[in-house]
Structures are given as C-alpha cells and as structure tokens.
Amino acid sequence: MEHIPSAAEMLGWIETVVGQGIRRPGYPADAWTEQWLAERLSGFGLEVTLEPVEVRRWRPGAGLLRLDDGTSWTGLPLPFTAPAKSLRGRIARLADARPGDIVVDELTFTELPQSYVKTLATSAYDPEGSFGTLVQTLPFGPRMMEVVEPALAAGAAAFVGALTGLPWDTRDYYVPYDAIERPIPGLWLSGTDARQLLARLPCEGELIAESAVDTVITHNVVATLPGGSPHTVIVASHHDAPWASAVEDASGLALVLATARHWARVPAAERPHNLTFLLTSGHMAHAAGTRAFIDRHRPELADVVLQLHLEHAALRCEAVDGKLVPTADPEVRWWFTTRAPQLERLVATTLEAEDLRRSFVLPPDVFSPMPPTDGAFFHPEGVPLVHFLSAPMYLFDSADTIDKVDVAGLEPLARAAVRIVAGTAGWTPDELRITP
C-alpha cells in the first residue's frame, strides 16, 4: 500500500476543491473541478475523457417571508420549486390550511437507532460496541425529498418549510435535489425564525422566492487503466455538491484520486482487471451523471466485475448551542454490498483489517429498491457493487465544512478501496452478478 497518498495530501485535494465555492451542477466551481480532476488523473498516467451530461441547473435568488405587521425573515428558496417575485395570501399551518394558502410545515430529521440497523445488516464491524446505544440523525425527514407534496395535496399556493426539528439552526437545506420541478414556490426558514412565525399563525403576508432553471452541459470525468483481465472494475464518486461541501463529496473525490494513483503506480499485469475511475456530474440533479454513464456504456456493463462507489468520509457531529461541533468519531459507515457471499466476506474482512469501525455491511436494497448513493442506478442493471456511504445530518447544508471531514479515516478508507479491488483478482462478472 506504499502508493496510497497521505491523509495530509488527500486533505489538500479536498481543501483545493472546497476553495472554489459552491459546486452545484453547472456552476463555475463544478466546471473548474471537472478540469482539475482531469488534469490530476492525466498526471497520474491515466487516459482521461470528459463525457457530456445534460443537467437542469437551478440558481436561487432572493428568499423572503414578510408579514403584514412588518416582520420579515430571510429564507432559502427550495431547489426546483416555482419562482415567485411576490405572492400574497393567508399564511397557515398545514393542519389548518385552506386551498390557496401559503402553507407552513415543520420538518424534523429522522433518528435511526443503530441497534435496528444491525438487525438488517449482513455483518458489522463495531469493536467498541457502540451500535447497541448509538442513534444516528439522518439528513432527511420521514418523507425524504417529498417535502412539498403534503402542501401540494392541500391545494397550497406556496410552501414554507420550518426547520424547527433540526439539531442546529440553519436555513441552508438543499432539499429536494431530484430535479423535479414542483409547481409552487417554496422557502426554507431556520428553526429560530420559523418558531417566531408559527407563534403568529394564521396571518397575512407575502412570500418572495426567486430562482431560475435552465439546461446546461456538464461532464463526467472518465479515466482508465489497462489491467490483467478482460473484465473491468469501476471506482466512482461524484464531483458536484449542494454547497462548497467538504464531505459531500470532495472527500469522495479524494478517495477516488487516491485509489487511482495507487493503481497507476502498479504494473498493468499486476492490476486485477481493467480499471475505470468515474467522477460523475449531476448527483444533485437526480444522479444525472450516473444515469448518463450507464446509458452510454450499457453494452459494457456485462463485463464489470465490481462497481465500487466512495462517498463521504464524515465525522459525527453534536449540536451545541444551535451549532454543529465535530466529534472524534466517524459517522456510521454503510457498505452496500451485492449479496454474493465471497464479496460480502471480502468487504467484512477489509473493514476489520483497516479498523474501519462503526461500519455495517448492508444489502443494496435494505432501505429502498436501490442504495441511497450516487451509483444507485447500477443496481437495477445487475452490476455487482460495493457502495461506501455515510449520511451525517449536515450532508446537504452549508455547515458541511472542512472540519467535518474524517481526516483520520482517509488513508484507511483508501486502503480499503485498494484491498477490495485487489480482492476481485480472478473473479468474473458471472460469479457475482445478481439478476434484478
């Protein structure tokens, strides 16, 4: 493993990407990151191609809720909701709403006991025994991205999301990110502001939620190395993000780059298979890049031994006085793994060898028909997969800053990726492929 970059070098890559600013699909910082990734991978000696991906680009403008008594609060327009320069009307809680109201609905994040997840897992590596009592705060409520839908069902003219149930105070919640254009405007308000609003309801007021949506061309970064078999392993993450986002997914980019550099320094005959390193666009637009890659390369997928996705080297945080404070512990690590016994064993032994504590090996469809990852759409294609992901509560928030990166985990995670790739030596796709 002498070719694995140090944690300091990987952190430097993360800081470089984060320093460019907000990396939403089609934003200048994301276009810069595409070129930067291509240059890094070319410098390692890989053959690099930029493959075009069409995405819907969303850009917010002013967001404001103003009551007739003069009170006002600034908010974040909800991604892909309809713009509103000035919408006046009655403002009421969802439970008291009438058709045509500006509807206020409170959001609380889901609390997930790890003792329950353990009952769903194929295996776990938890040498501390933390899963018996640990409860994880997920970055979603129970409706996931369908936050506007109850207001739509009530005939609302607009939606105001009250972030009262979050452990810290924020309005910067980039959800939904499925690129579905909802027909009414929406606005997120911080918990502090929303509680002041709720105390005044029902009332009359005005909502401003400006935004613009257009179609742009972004790129998947695809880099290849020849190997010692006619088959292929794909190692991937995504390069876009909701904000400047250190964990989501500058940390994933660093892990893919580290894995690519390692294998670039290994002779071709010693690589277990041909290797493709994929950095996708448009994760924050319904995984547009992954879907585009699959559409473009579908005939080649039958030769894929493994698709390894690397997302989110994250520290667990605690809320203190309305702010997030990183702990020394990693956020719970999920390893969604195709139910092929030899692959599950490979992942389980790798986690122990690299001491990647607080890890679960989980079936890909344990939470939903596909894993909740950028690479999810490989699963219905029947491609064997291992998808690493953690889901800290700040994942879609501007609070995802450099201090939240699990720096101590970077090298072990990169070594784990190399071990898993190396462990597929001699395997064929047919041994692992599960027909969906």
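Modeller: Happy to! Let's start with helix H2 (residues 28-44) and helix H6 (residues 246-264), whose axes come within 9 Å and cross at roughly 20°. Helices here are DSSP runs of H or I with at least four residues, strands are runs of E with at least two, and both are numbered from the N terminus. Axes are lines fitted to C-alpha atoms, for helices over the stretch in contact, with angles from 0 to 180 degrees between N-to-C directions. That crossing angle makes H2 roughly parallel to H6; under 35 degrees counts as roughly parallel, over 145 as roughly antiparallel, 65 to 115 as roughly perpendicular and the rest as oblique.

This is a predicted model, in which local features need pLDDT of at least 70 and side-chain atom pairs count only at pLDDT 80 or more, while totals for chains, interfaces and linings use all residues. Residues are numbered from 1 along each chain as its sequence is written, and side-chain values use heavy atoms, leaving out hydrogens and water.

Where do H2 and H6 meet? On the H2 side you will find Thr 33, Trp 36, Leu 37, Arg 40, Leu 41 and Phe 44, and on the H6 side Leu 253, Leu 257, Ala 260, Arg 261 and Ala 264; contact means heavy atoms within 4.5 Å. By type, the contact residues are 8 nonpolar, 1 polar and 2 charged. Here Ala, Val, Leu, Ile, Met, Phe, Trp, Tyr, Cys and Pro count as nonpolar, Asp, Glu, Lys and Arg as charged, and the others, Gly among them, as polar.

H6 also packs with helix H9 (residues 407-422), at an angle of about 50° and with the axes 9 Å apart. H6 and H9 are therefore oblique to each other. H6 contributes Leu 255, Ala 258, Thr 259, His 262 and Trp 263, while H9 brings Leu 410, Leu 413, Ala 414, Ala 417, Val 418, Val 421 and Ala 422. This contact holds 10 nonpolar residues, 2 polar and no charged.

Now the pockets. The largest pocket has 37 lining residues, with Phe 140, Met 144, Met 145, Ser 368 and Pro 372 nearest its centre. A pocket is an open set of points on a 1 Å grid over the protein atoms alone, where a 1.4 Å probe fits, with protein on both sides within 12 Å along at least five of seven lines; lining residues have an atom within 4 Å of a point. Its lining divides into 22 nonpolar, 8 polar and 7 charged residues.
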